[in-house]
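The following note collects comments on the model under review. The points run from the overall fold to individual residues.

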Amino acid sequence: MSAEAGILYTIGAYCYCSGGNSIMPTATEPRAVSVVILKGGVGKSTTSMNLARQLAERGETLFADLDPNGHATNGLGFEDAYQGETNLGDVILEGTATPHDLIQPTEYGFDLLPSSNTLEDVEKDLAGAMQGSARVKSKIVDPLLGDEYEYIVFDCPAYPGMLNNNALVATGNVMIPIEPGSSAIGGYKRTMERLIEPAREYIDVDVLAIVPNKLSDRIDQQTEDRELLENLNTASYEVNPGQPLQEAIPEFARITAAEFERIDAGDVPAPKPGIRHRSSLSRSLQENKPLQEYDPKSDQIEYYEELAAIVANGGVDR
């Protein structure tokens with residue numbers, strides 16, 4: 001059996017043992033979500049952190065950093081926790097610690113389950129563990145979601161593997177950030193083909209939203225921003241069973257073909273859709289703060305509020 005097949009069998013085994021029930025909660029229930037794309041440098045950690053910050057306005061929220069590089073953990077100022085002796089493996093593999101031994105309170109309304117500098121070793125050990133793809137669900141999400149937290153947000157690695165599989169099994173919901181560029185759609189398709197579609201053979205995985213991110217150019221000209229938005233807003237292929245990709249685009253990035261025609265004709269001013277490139281977004285991480293605290297007047301905060309509403313509602317609601 002290949003390594004990939006072994007991973008999928010682990011997911012399938014867990015679902016079989018749990019009675020084959022869907023792990024996707026309804027729109028009125030507490031919800032966990034994975035922010036993931038198999039491509040680095042697209043603002044995944046920034047998206048997931050600011051999503052957690054806005055969800056904290058709606059209920060108790062845990063931000064879980066499953067990325068071994070610890071960008072979010074260190075970006076929030078928890079370098080000591082990243083280097084700490086107790087790590088995720090002690091919770092989900094050894095059983096010598098509980099999530100509360102790791103969870104750190106922050107100043108921003110949400111708690112942090114930090115990454116660690118040993119997380120790559122933990123991922124290797126998960127590959128040989130019984131029901132290794134279900135450990136985060138059984139040891140972290142099941143005990144905490146609904147009892148202590150209304151929302152859990154996972155910041156996931158940019159490569160396929162046991163940590164991403166654990167996140168999918170634990171949440172059943174994903175958000176996919178995507179930035180302009182020649183490889184943008186390729187990153188999305190890679191994520192679907194190598195991560196989400198294989199998992200869907202065994203569990204329900206719902207893509208809550210595709211999030212255009214780090215946009216900066218005009219869209220009344222043939223720019224990479226324009227190309228990305230047209231591709232996403234006119235795509236006919238499905239992102240979820242029975243749902244075209246364009247229906248998973250947040251309202252702040254939704255532009256119909258008719259609206260593009262009016263923009264090109266000069267009948268309406270060109271909007272600035274999507275999460276835009278702002279220096280305050282990168283500086284906020286340097287200052288160990290979410291955008292809400294670093295620049296509360298930023299015009300991008302409302303977009304993260306919309307993402308939080310999408311999580312709370314269980315998808316884009318038009």
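1. Helices (H or I, at least four residues) and strands (E, at least two) are taken here as DSSP runs, numbered from the N terminus. On that basis the secondary structure of the protein comes to 15 helices and nine strands. The radius of gyration, taken over C-alpha atoms with a globule rule of 2.2 Å times the number of residues to the power 0.38, is 19 Å, close to the 20 Å that the rule gives for 318 residues, so the protein is as compact as a globular protein of that length. The C-alpha trace spans about 65 × 40 × 35 Å along its principal axes.

2. As to provenance, this is a predicted model, in which local features need pLDDT of at least 70 and side-chain atom pairs count only at pLDDT 80 or more, while totals for chains, interfaces and linings use all residues. Residues are numbered from 1 along each chain as its sequence is written, and side-chain values use heavy atoms, with hydrogens and water left out.

3. Burial is assigned by relative accessible area: under 20% is buried, over 50% exposed, and in between partly exposed (1.4 Å probe, protein chains only). Of the 318 residues, 56% count as buried. With contact meaning heavy atoms within 4.5 Å, 75% of the contacts between residues at least 6 apart in sequence join residues at least 24 apart.

4. A nonpolar core is a set of buried Ala, Val, Leu, Ile, Met, Phe, Trp, Tyr and Cys residues joined through side-chain atoms within 4.5 Å. The largest has 96 residues, of which Leu51, Phe63, Met175, Ile176, Ile210 and Leu307 touch the most other members. Helix H15 (residues 301–313) gives the most to this core, with eight residues.

5. The axes of H2 (residues 44–55) and H15 come within 8 Å and cross at roughly 75°; axes are lines fitted to C-alpha atoms, for helices over the stretch in contact, and angles run from 0 to 180 degrees between N-to-C directions. Since 65 to 115 degrees counts as roughly perpendicular, H2 and H15 are therefore roughly perpendicular to each other. Thr46, Thr47, Asn50, Leu51, Gln54 and Leu55 in H2 meet Ile301, Tyr304, Glu305, Leu307, Ala308 and Val311 in H15. These residues divide into seven nonpolar, four polar and one charged, where Ala, Val, Leu, Ile, Met, Phe, Trp, Tyr, Cys and Pro count as nonpolar, Asp, Glu, Lys and Arg as charged, and the others, Gly among them, as polar.

6. Not counting residues up to four places away in sequence, the contacts of Ile176 include Val36, Ile37, Tyr188, Met192 and Val207. Val207 belongs to strand S7 (residues 206–212) and counts as buried because its relative accessibility is 2%. With the same exclusion, Val207 touches Val174, Ile176, Met192, Ile196, Arg200, Val239, Asn240 and Gln243. Val207 and Val35 are 172 residues apart along the chain, with their C-alpha atoms separated by 9.9 Å.

7. Helix H9 (residues 162–171) is mostly covered, with 10 of its 10 residues buried. Among them are Asn164, Asn165 and Asn166. Just after H9, Gly172 takes a positive phi of about 70°.

8. Two partly exposed residues may also be inspected. Ser282, in helix H13 (residues 279–286), is partly exposed because its relative accessibility is 38%. Gln221 lies in the loop between S7 and helix H11 (224–234) and is partly exposed at 41% relative accessible area.

Notes:
Parallel < 35°, antiparallel > 145°, perpendicular 65-115°, else oblique.
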